[in-house]
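Take a walk through this chain, from its overall build to a few local details. Keep the sequence and the model side by side.

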Amino acid sequence: MSWEEAFRNPPKENRIHPFWFWNGDITKEEIEHQIEEMSEKGLGGMFICPRQGQTVPYLSKKWFELIEFACQKAKENGLESWLYDEYPYPSGMSGGEVLLRHPEAEHMVLHHYAFEAEGGVEFTRVLEFEEILYAAAFQVVDGQCDPEHRIDLKDFIGNLQQTEIYQKTGLTAYNNKRFFTYGPREVLVVTLPQGDWRIEIYGQAPLGDFKYYGGFFDPCNPRAVRTFLETTHEKYARQIGDRFGDTVMGMFSDEVGMLSPIPWSRRVPEEFEKRKGYSLLDNLPALHNHTWENAYKIRYDMYDVVHQIFVESYHKQVADWCEEHHLSYAAEVPFMRLSTQRYSTIPGGDTAHEKAGKSLEWIYDKYLRHFRYSANAVGSLAKQLDRKQALIESFHSVGWTMTMQDAKWMIDRLGCSGINMFNFHAFYYTIDSIAKHDAPPSQFLQNPYWKEYRQLADYVGRMSVFISESKEICSIAVLDPSPTLWSLLGDPFQGFPYRGEDQEEEKLCDQIRDDWVYTTKTILLNQLQYDHLDSEMLPQFEVKNGRLIMGRASYGLVIIPPAFFYEKEALNKLMEFLRGGGHLLFLGKLPDKSLDTGITDEEMEMKWRHLLTEYPDQVTFLPSAGAFKDAGMEEAMISCCRRIVDAPFEICLNEEHRKEFITSIRADEEGNIYVLLANQGMDYVEAEIKNKRKHLCFSAEQYCLDNGEKHRLGTIEEGLTLEFAPLESKCICFSPRESREAALSSKLPKVTIGTEEPMQIEISGGNILRIDQFQMSLDQIHWTDTEVKTFAEQCAEQPVLAAEQFKFESDFGTPKQVHIQYPVNVSYRTTFQIQEMPENIALLLDKRTITGNYVICINGNEIREKDFKGVFINDQNNRICDISQWVIPDVNILSVEVEVAIESDGIRDPLYLIGSFGVNEKRELIKKPETAQFSPDFTEGFPYYSGTLTFTKEVCFVIQEMPETFILDFDFKDTCLECLEVRMNGHSLGVRAYTPYQWECRREYLKDGENIIQIRRINTLANMLDGTYFDYGKHELIPIYPVSIKHMLPASSLL
């Protein structure tokens, strides 16, 4: 298949591969149904994810039966299957089994204590109960610790029980009272010689409680990682290994990293001495005292050791296992430096979690410092390692207001960053009750826009094909200052925030990190591209024809932002690069420190300065005394980049909109050059693509990612000007040619339809009233307001429990623990008002909206769980009960009695009324509206409705005055960013899921005189599930009709 054929109809490997959350009662019937839906809507495959909420025991025989069934059905439906290696996450725990087998492999945290002490008097301090690694006192001379006057304090530390316990027990017939102590703590007691002293103590302790598992393992422990492979991967191999590399394509590893603020493992001291040749334990004070001899080198060495053993123990072992079993190793994990993922078959990251319109500069400031969250970093690594795919896990926690426009906007940014494998978070097996709150949205069959999802799936597939089959023209590499940030205690797993205790050092760490981010974002905001360059990987590059080459990467310019130092091998490679004709651009300051014991700082600084004098035409230095953002670095830096980098095209935008665009210039094997331009802002903008190859003219074609078509734009010599709607992207192909041809006009006349007057309105299915606020009571006398949530969360927010609801328990010799005395009988009540009786009305909830034994009453009429019937409104677990016979045209009382047996019981999620009614701003049920105003926010009368709303109006046309073909749009332009279909006299003009919201219409569809135009608007689940809409102008989530429970409960209704 040629790449243009693949572009028109993308193959499965290029299509969306979402996380498929198995988070409920999994059945073969529903598995088959959901796989068929994925196939029909144009997905390429899925990652099968064990997830919180599932009811099938993980890694059990039944589990593997369902996995095998799903893989077979995926194959039958032309989809790839991928495995997710954990339940739930992060990876490495086998659902908790690893720590059961290896308690010694518990994740450790390094703690530091520092005290000022006066000699001659007894000094006492209570510490955490942990293994003391280092304890010493240093005499303070002239404000500095004197390492020559050091006293070892480990022998002065013991432990004491800190908690006193009095218990009444019945051990004998003669005494039932006992005294115990509990809770050991380390205690330092020492009297130091006369003078001022500083005490430094380091200890290591288990991480402690951690999500899902109650603890976490140490990924630097190779035995624990082998057990992880044995208890998870080998089980999969035994059950479905015959499918590996055929229909099961790979294994996904998620979020494994080091959790101590200063990365730490039990293995570090031993491995440090083995690899670095000296003792870390003797030099631990260097971690928090930069005046310690060789402090920066010691810190770098420690982080380097952690990095090495982390990568070798976890990533290499998992990657080797996957390779042996013919599986790709896809990893979305925190980086310590870019090379952390060097063993990944598919390097991955985790970004794109915003609604459309968030400024690019905000996104760059937040994410470029953090390799894991930077698509640029992931794309750079994949290119350098010559990996076919670069993966981003995207969209988690964007929330239920996320539209296909939001998704497409983020996909454009990822594509421009070199990403070609799109892993959507997530497709939920079910959104039953509180399972829907697992970092939503679910972009699956529960969402109203699912019926039109093929549009987005095809768009994403074409973006992937385009990125996969072309090569980015990127000549700029930015050398990451990771070694320096390590030495300044920047936490690499969290985007290099400072983890030390020195305020001045924190400012230095922040400035070096921020200058690096400023450098990279400035390149991007000037419509240039760059790649990250890791000094650890730099020696592996080949120098050829003045360029650094590795994999598909080729750089003629290396930019070096401020840094203390780089590895000696990296400097040697940069010198080789200069000898071969390459260029360097130093920003701010030159490196001035040494990592090598045989070379002083002064000697190393001279080596870097020598480059300026030895290669004056190839090395540029732009000094800066302060932070880049205040130093006016941009103009000189970009001018230097443009002078050195001979790009075929330059993107010209006015200053107002320059920071709203992202550009990727790419080439194919035929010599064609492509410009992918994405408007990430909310304005209408003109952009010029200026031809920098004055001796060439180009034939220009637009490759439409929407539908796979090509449109000729004519021949250009000077440049091409394009118009962009808000959030619109365009892909233009430039083919060199010798002769000029006339430019082609692609503009059609436009007809704009007004929507200022109310239009006829119809909805698909019933309207919704969302009921999410109640009063609750334990005695039906004292009532308190609450939102729907679990009983424990309600109790945490409101003081509803009386003394008799608590119990105090303890084992022999241990402190009393306070627990709620279950079961607890809880009463909930609320009201809804009906102004005009609807033709039909029902109560709608999810299967597990209320847990615990319960009874619902409508005006005193009981409804039990058995009275509800299954229905699909937005999930297979929806349940409905007709209440028409019990409601009245007045205030109606809805009450629920729940026997709460565990803390997660209660009314956990909203209840809904569904039927043929309207809803006003007071949340009262009114006559179902026949007309409504089209609003970008929500539709009055149907504020909580999620589904398809059809607006109809009549428009008069004079046939003779209408062009043969024209563009039809509406006066609301591109302000409604949901899924819209337009019909003209019954003819569908197509569905638009993103800007520009314009439709091509033919005169043959029109009638002389009155014409019927319909707008079918498909919104999201936010209206129903969250009761919110998103204001793109304010970039803010807005509640729909916020009404307090007090307004809903008139006193007379509850007497």
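**From a loop to the core**

Pro 996 sits in the loop between strand E57 (987-992) and strand E58 (999-1002). Helices here (H or I, at least four residues) and strands (E, at least two) are DSSP runs, numbered from the N terminus. The peptide bond from Thr 995 to Pro 996 is cis, with omega near -5°. A cis bond also joins Pro 440 and Pro 441, where omega is about 20°. Pro 441 belongs to the loop between strand E16 (427-428) and helix H11 (453-469).

The model is predicted: local features need pLDDT of at least 70, side-chain atom pairs count only at pLDDT 80 or more, and totals for chains, interfaces and linings use all residues. Residues are numbered from 1 along each chain as its sequence is written, and side-chain values use heavy atoms, with hydrogens and water left out.

Now step back to the whole chain. Its secondary structure comes to 20 helices and 61 strands. The radius of gyration, taken over C-alpha atoms, is 33 Å, close to the 31 Å from the globule rule (2.2 Å times the number of residues to the power 0.38) for 1055 residues, so the chain is as compact as a globular protein of that length. The C-alpha trace spans about 105 × 100 × 55 Å along its principal axes. Buried residues (under 20% relative accessible area, with exposed over 50% and partly exposed in between; 1.4 Å probe, protein chains only) make up 60% of the 1055 residues. Contact means heavy atoms within 4.5 Å. Of the contacts with a separation of 6 or more, 77% are between residues 24 or more positions apart.

Which residues have the most contacts inside the largest nonpolar core? They are Trp 20, Trp 22, Ile 31, Tyr 236, Tyr 453, Val 558 and Leu 584, in a core of 239 residues. Such a core is a set of buried Ala, Val, Leu, Ile, Met, Phe, Trp, Tyr and Cys residues joined through side-chain atoms within 4.5 Å. Helix H7 (residues 295-324) gives the most to this core, with 15 residues. Apart from this core lies another, of 69 residues, among them Tyr 89, Leu 769, Met 776 and Val 896.

Follow H7 itself. Of its 30 residues, 25 are buried. Ile 309 lies in H7 and is buried, at 0% relative accessibility. Its contacts beyond four places in sequence include Cys 220, Arg 267 and Glu 271. Just after H7, His 326 takes a positive phi of about 60°.

Most residues other than glycine have a negative phi, and most peptide bonds are trans. Two loop residues also have positive phi. Gln 527 has phi near 60°, in the loop between helix H13 (503-525) and strand E19 (531-533). Gln 527 is buried, at 5% relative accessibility. Asn 859 has phi near 50°, in the loop between strand E44 (853-858) and strand E45 (861-863). Asn 859 is partly exposed, at 26%.
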